[in-house]
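Let's go through this one together, question by question. Have a look at the fold first, then read on.

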Amino acid sequence: MTKARRRSYGVKGAPYAFLLPATVLFALFFALPIGYALWLSLHKVQVSGLGLGAGARKEVWAGLDNYTDALTDSELLGGALRVVGYGAIVIPVMLGLALLFALMLDTDRVRLAPFTRLAIFLPYAIPGVVAALLWGFLYLPDVSPFYFILDKLGMPQPDLLDGGPLYIALSNIAVWGGTGFNMIVIYTSLRAIPAEVYEAAKLDGATPLQVALRIKIPMVAPSLVLTFFFSIIATLQVFSEPTTLKPLTNSVSTTWSPLMKVYQDAFGKGDIYSAAAEAALIAVVTLLLSFGFLRAANSRNKQEEAR
């Protein structure tokens with residue numbers, strides 16, 4: 001083999017060499033665990049006799065039985081409904097505030113813009129468990145400084161960890177922690193809009209409100225779609241906030257959200273087979289919702305371009 005041909009093979013193989021570490025890591029820590037979870041979801045443990053002794057418990061093929069049980073499980077369905085109510089509060093409020101803050105920071109009159117951006121983004125840098133503990137302390141009537149102030153002012157002191165207000169308490173934690181990230185995404189898109197567009201709008205006599213509604217928001221629509229997509233996934237996977245607040249109130253059960261139900265079945269009951277089926281169903285629902293939303297957004301964009 002000539003030197004030129006060896007060099008040619010080396011150049012052609014370089015991309016595969018660069019991809020090899022990422023491919024190995026993807027297979028070991030992503031593809032194989034998913035495959036193993038799917039394999040577990042199709043099996044179950046068969047107990048013979050009293051379940052004692054060697055061979056009394058063995059793994060057998062279950063087919064779709066675990067999936068059937070999961071789809072008819074009232075606790076899993078109840079958790080899904082609670083997550084839907086939780087998302088109905090979190091997503092519009094969080095994205096609405098993120099868009100509002102991004103538009104305000106993009107104005108010429110804003111002062112201390114770097115500090116303001118950092119202040120809004122900073123809660124996102126705090127781990128979810130720490131944020132839930134922080135807000136849980138503020139929600140407890142016996143130790144919260146807010147309840148002390150309300151008591152001194154003679155104002156009512158609502159229990160945010162019981163009943164309907166619990167949704168507001170959990171949503172507040174998610175909104176407080178996630179608004180900054182979404183604001184940065186939208187703000188970055190706003191800064192990418194050419195200055196000539198704003199100058200043309202000002203020459204046409206457009207007010208700042210008209211510029212925001214008719215130029216800025218339509219032009220950052222892809223960023224809004226992206227943040228909405230991320231918010232859907234995060235909502236369906238809510239786990240740390242209700243799990244952290246559970247010791248503080250009896251209103252949060254061990255199966256409050258679908259992922260909490262998966263955790264309870266896997267580590268509380270020791271039924272990893274049912275937990276694997278439930279996790280697979282959650283992943284499928286997340287994929288279908290995300291794919292459906294992205295397809296609807298792309299279809300709308302194509303219709304607007306056609307006009």
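A quick definition before we start: a residue is called buried when its relative accessible area is under 20%, and exposed when that value is over 50%. Keep in mind that this is a predicted model.

Q: Is Lys216 buried or exposed?
A: The cut-off for buried is under 20% relative accessible area. Lys216 comes in at 9%, so this lysine counts as buried.

Q: Which side chain meets that of Lys216 in a salt bridge?
A: In general, side chains of opposite charge can pair when their charged atoms come close. For Lys216 the N to O distance is 3.0 Å, and a salt bridge needs the two atoms within 4 Å. The partner is Asp106.

Q: How many residues apart in sequence are the parts that Lys216 and Asp106 tie together?
A: The two side chains meet in a salt bridge. Lys216 lies in helix α9 (residues 208-219), while Asp106 sits in the loop between α3 (74-105) and α4, so the pair ties together parts whose separation in sequence is 110 residues.

Q: Is Asp106 buried or exposed?
A: Again, under 20% is what it takes to be buried. Asp106 has a relative accessibility of 7%, so the label is buried.

Q: In which helix do Asp265 and Lys261 both lie?
A: These two form a salt bridge, with the closest N and O atoms 2.6 Å apart. They are four residues apart, about one turn of the helix, and the helix spans residues 258-268. That makes it α12.

Q: What is the relative accessible area of Asp265?
A: Lys261, its salt-bridge partner, is buried at 2%. Asp265 is buried too, and its relative accessible area is 3%.

Q: Is Lys269 buried or exposed?
A: Asp265 also forms a salt bridge with Lys269, the closest N and O atoms being 3.6 Å apart. Exposed means over 50%. Lys269 has 56% relative accessibility, so it counts as exposed.

Q: Which residues do salt bridges that share partners join into one network?
A: Asp265 has salt bridges with Lys261 and with Lys269. Shared partners extend this into one network: Asp73, Lys261, Asp265, Lys269 and Glu278.

Q: What radius of gyration does the chain have?
A: For 307 residues, a compact globule would come out near 19 Å. The C-alpha atoms here fill a box of roughly 90 × 85 × 40 Å along the principal axes. The radius of gyration of the chain is 26 Å.

How values were computed: Residues numbered from 1 in each chain as written. Predicted model: local features only at pLDDT ≥ 70, side-chain atom pairs only at ≥ 80, totals over all residues. Heavy atoms only, no water. Rg over C-alpha atoms; globule rule 2.2 N^0.38 Å. Helix = DSSP H or I, 4+ residues; strand = E, 2+ residues; numbered from the N terminus. Buried < 20%, exposed > 50% of the residue type's maximum accessible area, 1.4 Å probe, protein only.
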